[in-house]
Amino acid sequence: MAQLVSDIRILDNLLALNLNVSVWSARRKMSQEDLGGAELPPEDLASLGSKRIADPENLKVFGTLKARAFNYLDRNGVRFMSGWAIPEEKAGEIVQELLNIRTEFQKEKEAFLDCYDKNVQAWIEKHHQWGEIIRNSLVGPDYVRARMDFRWQLYKVAPLEQHTDNTAVLEAGLAEEVQGLGGTLFDEVAKSADDIWRRVYHGKTEVTHKALSPLRTLHAKLTGLSFVEPHVAPVADIVQAALLRMPKKGNITGTDLLLLQGLVCLLKDSTALVGHAQKVIEGYGPAFVLDALLAGPEVIHEPGGLAGQMDGTVDGNMDDEPIMPDIPVADSALPHPAIPSLGLW
């Protein structure tokens, strides 16, 4: 596998974004009094748990909005330090989406606080047997308001180049963080591809055009972060080339589906993916990689999924992922080297 080392100069094209979303837990620590003075083990042996003083159902929306913001940043940036590195050119649209989510968060927050007293009373009535231990720990709406927030910090990162203590410069740590950014990005691509495989392509003999949407999202992320490491842009080109091969309408089946399944499994394997991207860098082109994914013995379609190879062997316990070929370095006299076969189990 080619070594993935991002250059410190990529900071010229990146902004760092740190997102802070605070959601009130509606929990308070249990006390001995809550249990009617029952004898308990000493605190160095065991500790009491917590009690809910409000219905957690009324707070679920805030967790959903937090997850929506995190997912959006994961789709458009790469994890970096305590937050994300995002393309500077996309900062405007990313902040606009965060503003949209924050507006919704604040709207739901005000709605929750407007009904706070009523909801707490309903919670007490639902658990009337334990109503007293809830009342003993109640907090007011202002307390809750201070613990619910949605904010972020967007800033430019630059290395420390000069300091009176040279050790501070040598041990600043930023260079190491930046150097690993390419590897982090490929790890995130692999994780996303694994999710796409399980949700969309695993065992399918036919998919709709909706199956292309997560690949387009992944392509957009790779394109936006193509400057992070030299192998990123070739991977984006491979994904784009595969999308361009898809029919404009109708369900996706047969060879087209096999190509997408092979592509997703390639994206799942960071080592193979970087190796194939290297071939694009060396001049083979995305089409060469895609043709390699399709080359191989005829696939036998069994009811219920993709099941066998040309020898007709079927084993329901076997994984049905395409096996990624190793693309050899071709002799310069052979502009179109033999493409190794690709089996699909």
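The structure is a predicted model, in which local features need pLDDT of at least 70 and side-chain atom pairs count only at pLDDT 80 or more, while totals for chains, interfaces and linings use all residues. Residues are numbered from 1 along each chain as its sequence is written, and side-chain values use heavy atoms, with hydrogens and water left out.

Begin with strand β5, residues 83-87. Helices (H or I, at least four residues) and strands (E, at least two) are DSSP runs, numbered from the N terminus. Five of the five residues of β5 are buried, which leaves the strand mostly covered. Here buried stands for under 20% relative accessible area, exposed for over 50%, and partly exposed for values in between, with a 1.4 Å probe and protein chains only.

Which strands pair with β5? One is β1, residues 14-22, which pairs with β5 in the antiparallel sense over four bridges. Two strands count as paired if DSSP finds at least two bridges between them. In this pairing, Leu14 is opposite Pro87 of β5. Strand β4, residues 78-80, also runs antiparallel to β5, and three bridges join the two. Here Val78 is opposite Ala85 of β5. Strands β4 and β5 form a hairpin with two residues between them, where Met81 has a positive phi near 50 degrees.

Next come two helices, α8 (residues 181-201) and α12 (residues 270-281), whose axes come within 10 Å and cross at roughly 115 degrees. Axes are lines fitted to C-alpha atoms, for helices over the stretch in contact, and angles run from 0 to 180 degrees between N-to-C directions. On the α8 side, Phe186, Asp187, Val189 and Ala190 make the contact, and on the α12 side Ser270, Leu273 and Val274 do. Contact means heavy atoms within 4.5 Å. What kinds of residue make up this contact? Five are nonpolar, one is polar and one is charged. In this count Ala, Val, Leu, Ile, Met, Phe, Trp, Tyr, Cys and Pro are nonpolar, Asp, Glu, Lys and Arg are charged, and the others, Gly among them, are polar.

The last topic is charge. Side chains of opposite charge can pair when their charged atoms come close. A salt bridge is a side-chain nitrogen of Lys or Arg within 4 Å of a carboxyl oxygen of Asp or Glu. How many salt bridges does the structure hold? There are 16.

One of them joins Lys156 and Glu88, at 3.0 Å from N to O. This pair links distant parts of the chain, 68 residues apart: Lys156 is in the loop between β6 (149-155) and α6 (166-170), and Glu88 is in the loop between β5 and α2 (91-114). Lys156 is partly exposed at 42% relative accessible area, and Glu88 is partly exposed at 38%.

Another joins Asp194 and Lys268, whose closest N and O atoms are 3.7 Å apart. Asp194 lies in helix α8 and Lys268 in helix α11 (residues 254-268), 74 residues apart.
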